[in-house]
Amino acid sequence: MKFEQMDTPETRSEFELRFHYAHNIMEQGKFSVSPNVSMEGVLKVRKLPNGRIDFLSVNEGARLHANTIYNMRNFKVPDGINYDE
């Protein structure tokens, strides 16, 4: 299996795009995590009065979560993997 390097944001707008994308995916119910995974960092992300993300409220866990969901948007499940088992 070939691994690709994750694309990381270089600007504030790219960073916010990842958080908004992750928020939309979670709202649509297209993402779930194991009960053992902490979502505390994501739940603590705040918005500023102007609607932008307060980066002082973003910890490493929230940043990794948003980047991972965004980078997996084009992920193709390899043949032979069955999630119904």
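Biologist: What pattern does the protein chain follow, read along the sequence?

Modeller: The pattern is α-α-α. The protein chain has three helices and zero strands, where a helix is a DSSP run of H or I with at least four residues and a strand is a run of E with at least two, numbered from the N terminus. Before we go on: this is a predicted model, so local features need pLDDT of at least 70 and side-chain atom pairs count only at pLDDT 80 or more, while totals for chains, interfaces and linings use all residues. Residues are numbered from 1 along each chain as its sequence is written, and side-chain values use heavy atoms, with hydrogens and water left out.

Biologist: Fine. What box do the C-alpha atoms fill, and what share of the residues is buried?

Modeller: Along the principal axes, the box is roughly 45 × 30 × 20 Å. Buried residues come to 21% of the 85 residues, with buried meaning under 20% relative accessible area, exposed over 50% and partly exposed in between (1.4 Å probe, protein chains only).

Biologist: Why are helix 1 and helix 3 called what they are called in terms of orientation?

Modeller: Helix 1 (residues 12-27) and helix 3 (residues 60-71) pack at about 75 degrees, with axes 8 Å apart. The axes are lines fitted to C-alpha atoms over the stretch in contact, and angles run from 0 to 180 degrees between N-to-C directions. Under 35 degrees is roughly parallel, over 145 roughly antiparallel, 65 to 115 roughly perpendicular and the rest oblique. Helix 1 and helix 3 are therefore roughly perpendicular.

Biologist: Which residues make that contact?

Modeller: From helix 1, they are Phe15, Leu17, Arg18, Phe19, Tyr21, Ala22, Ile25 and Met26. Helix 3 brings Ala62, Arg63, His65, Ala66, Asn67, Ile69 and Tyr70. Contact here means heavy atoms within 4.5 Å. By class, the contact has 11 nonpolar, two polar and two charged residues; Ala, Val, Leu, Ile, Met, Phe, Trp, Tyr, Cys and Pro count as nonpolar, Asp, Glu, Lys and Arg as charged, and the others, Gly among them, as polar.

Biologist: How do the spans of helix 1 and helix 3 compare with what is expected?

Modeller: Helix 1 has 16 residues and reaches 23 Å from first to last C-alpha, close to the expected 22 Å. Helix 3, with 12 residues, reaches 16 Å, close to the 16 Å expected. The expected span is 1.5 Å times one less than the number of residues.

Biologist: Which residues of helix 3 are buried, and what do they pack against?

Modeller: Ala62, His65, Ala66, Asn67, Ile69 and Tyr70 are buried, and they pack against helix 1 and helix 2 (40-43). In helix 1 the buried residues are Phe15, Glu16, Arg18, Phe19, Ala22 and Ile25, and their cover includes helix 3.

Biologist: What makes Arg63 buried, partly exposed or exposed?

Modeller: Arg63, in helix 3, has a relative accessible area of 30%, so it counts as partly exposed. Not counting residues up to four places away in sequence, Arg63 touches Phe15, Phe19 and Val58. Arg63 and Phe15 sit 48 residues apart in sequence and 8.6 Å apart in space, C-alpha to C-alpha.

Biologist: On to the loop between helix 2 and helix 3, where Ser57 lies. How do you know whether Ser57 is buried or exposed?

Modeller: Its relative accessibility is 9%, so Ser57 counts as buried. The Ser57 side chain reaches the backbone oxygen of Asp54 at 2.6 Å.

Biologist: And what about Asp54, buried or exposed?

Modeller: Asp54 lies in that loop too, and at 11% relative accessible area it is buried.

Biologist: What joins the side chains of Asp54 and Arg46?

Modeller: A polar contact of 2.6 Å. The cut-off is a pair of N or O atoms within 3.5 Å; within protein, one must be able to donate a hydrogen and the other to accept it, and residues adjacent in sequence count only if both atoms are side-chain atoms.
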